[in-house]
There are 2 protein chains.
Amino acid sequence: MNKQQLIATIRQRKSFLCVGLDSDIQKIPSFLLQTEDPVFEFNRRIIDATRDYCVAYKLNTAFYESLGADGWRIMDKTFHYIGKSHFTIADAKRGDIGNTCDMYARAFFEQMQCNAITLSPYMGRDSVESFLKYPEKFSIVLGLTSNPSAKDFQYLLLQDDKMLYKHIIQTAATWGTSDNMMFVVGATRAEWLREIRAITPNHFLLVPGVGAQGGSLEEVVKYGMNEEVGLLVNSSRAIIYASSDNDFDTRAAEEAAKLQQEMMQWI
Amino acid sequence: MNKQQLIATIRQRKSFLCVGLDSDIQKIPSFLLQTEDPVFEFNRRIIDATRDYCVAYKLNTAFYESLGADGWRIMDKTFHYIGKSHFTIADAKRGDIGNTCDMYARAFFEQMQCNAITLSPYMGRDSVESFLKYPEKFSIVLGLTSNPSAKDFQYLLLQDDKMLYKHIIQTAATWGTSDNMMFVVGATRAEWLREIRAITPNHFLLVPGVGAQGGSLEEVVKYGMNEEVGLLVNSSRAIIYASSDNDFDTRAAEEAAKLQQEMMQWI
């Protein structure tokens, strides 16, 4: 799915919601543990229930890796189950030297067939270049994250009085285009989105932190939306763990629908 | 293996060599492709051949992930095959919010039973804390990396005229102790090791970049060694791909032995 197709899907579904499948075997409803493939079964039911309300799914690789090789199989099976109707993101936060990134690109773009992968910028351009070689795939670079200790380094002031995260977004934006790059910008500092929009007017922003982490959707839209929408707002725990009972999928659908209802007023 | 055991192993084996198992199915000797489990077979023979010359093995997760779930199985099998005689490192460069890092810690410290994992510091303290909870395990935080584009962000000057990488090492060092943290410091800037030693006199440094990436072992020792040795010098491609023929394991042993011979003069 390329940028134009993503925008068309957003307009058609009137949603820029990304559902985060942070599926933890210790948190899924216990009755699922009797099924043959519990975590996949959880994902399958969440996907079936939320498909109409979202445009993207994001799988946090850590949750699958915690299950070993079997988790990796479930991640792969889930990405293939989602299919081509939605934009798929491997939330992997990888970042390494070139020959290593080539391998990560093989893993996520060729094997898993994801549309996008999140990347950590600390090692510089080498961390991103391997991924940009793939047409119609996206590198989503960490800019400003939503966690409390984002401030430890991301807020550091450089000699031109610019904060590090802003310098990183500005620099990384020159490595690709808005057709193959996006940025992660946490919702917990929504007012900073205005400044980020000034330096990257055309890039899509993947915005975590709405819901469990306390960010406001309205603020994100106010400061971050552009003419092409330009936002994918992620919600994980608030949707997938809305209920820990038999009705977890219908409750997940309700939570996703609520966000989609709110989103449609701006599209 | 805790820090004191690592030091004792280094003194006994007269080596501070870490062998990097960046095992790429497209580069291993072709005759191995006829074996039942080619990449594991490659690793097994490299490990058997180099055991006596090194104190650590580092598995670069990307190379295994490029093979999907099967690669994850091979990584796990390899870590267990190495066993307790060597310090084991998952070169994973992970980094995320706390609840996600808990999952990575489960994957690498509980399932794979590695001694250490490499971590990217961009998201701050949250990226490291989950891992520090495990006794006798190490978080190896990226400080100064050996790749050309390390300069993109790591060399940025802060307002106190300090480079970013140095500020990161100094800050991260306060999160744990030299008993549960190490830093990655590339050999390609060996003279900078002197300054890094001044701020972290007691931490072990994991030093990639000797060999294929052009760093000098002598320089690394000159500027980086402390009274407890304090160095793990990694070599990957120069050892594991010393030959692409039947003799790949004996040639790997020769290359590892050469480095060990050089190292023993300083121990």
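Guide: Two strands pair if DSSP finds at least two bridges between them. Strands themselves are DSSP runs of E with at least two residues, helices are runs of H or I with at least four, and both are numbered from the N terminus. What you see here is a predicted model, where local features need pLDDT of at least 70 and side-chain atom pairs count only at pLDDT 80 or more, while totals for chains, interfaces and linings use all residues. Residues are numbered from 1 along each chain as its sequence is written, and chains are lettered from A and ligands numbered from 1 in the order in which they are written.

Visitor: Okay, over how many bridges do β4 and β5 of chain B pair?

Guide: Strand β4 covers residues 116-119 of chain B and β5 covers 138-144. Across this pair, T118(B) stands opposite I140(B). The two strands run in the parallel sense, and the number of bridges is 4.

Visitor: By how much does the barrel of chain A twist from one strand to the next, on average?

Guide: In chain A, 8 strands close up in the order β1-β2-β3-β4-β5-β6-β7-β8, with parallel pairing. From one strand to the next, the twist averages 30°.

Visitor: What angle does helix α10 of chain A make with β8(A)?

Guide: Angles here run from 0 to 180 degrees between N-to-C directions, with axes fitted as lines to C-alpha atoms (for helices, over the stretch in contact). Helix α10 takes up residues 217-224 and lies across β7 (204-207) and β8 of chain A. Against β8(A), the helix runs at about 160°.

Visitor: Are α2(A) and α4(A) roughly parallel or roughly antiparallel?

Guide: The axes of α2 (residues 38-50) and α4 (residues 69-82) of chain A come within 10 Å and cross at roughly 20°. Angles under 35 degrees count as roughly parallel, over 145 as roughly antiparallel, 65 to 115 as roughly perpendicular and the rest as oblique. That makes this pair of chain A helices roughly parallel.

Visitor: Is the crossing of α2(A) and α4(A) left-handed or right-handed?

Guide: A crossing is left-handed if the near helix is turned anticlockwise from the far one by less than a right angle, and right-handed if clockwise. For α2(A) passing α4(A), the crossing is right-handed.

Visitor: How many residues of chain B are in contact with chain A?

Guide: Being in contact takes C-beta atoms, placed from the backbone, that lie within 7 Å. Chain A brings 43 residues to the meeting, and the count for chain B is 43.

Visitor: Which helix gives the largest share of that side of chain B?

Guide: Several elements of chain B supply at least two residues each to the side touching chain A, including α3 (61-65), α4 (69-82) and β3 (87-94). The largest share is 6 residues, and these come from α5(B).

Note on methods
Two residues are in contact if their C-beta atoms, placed from the backbone, lie within 7 Å.
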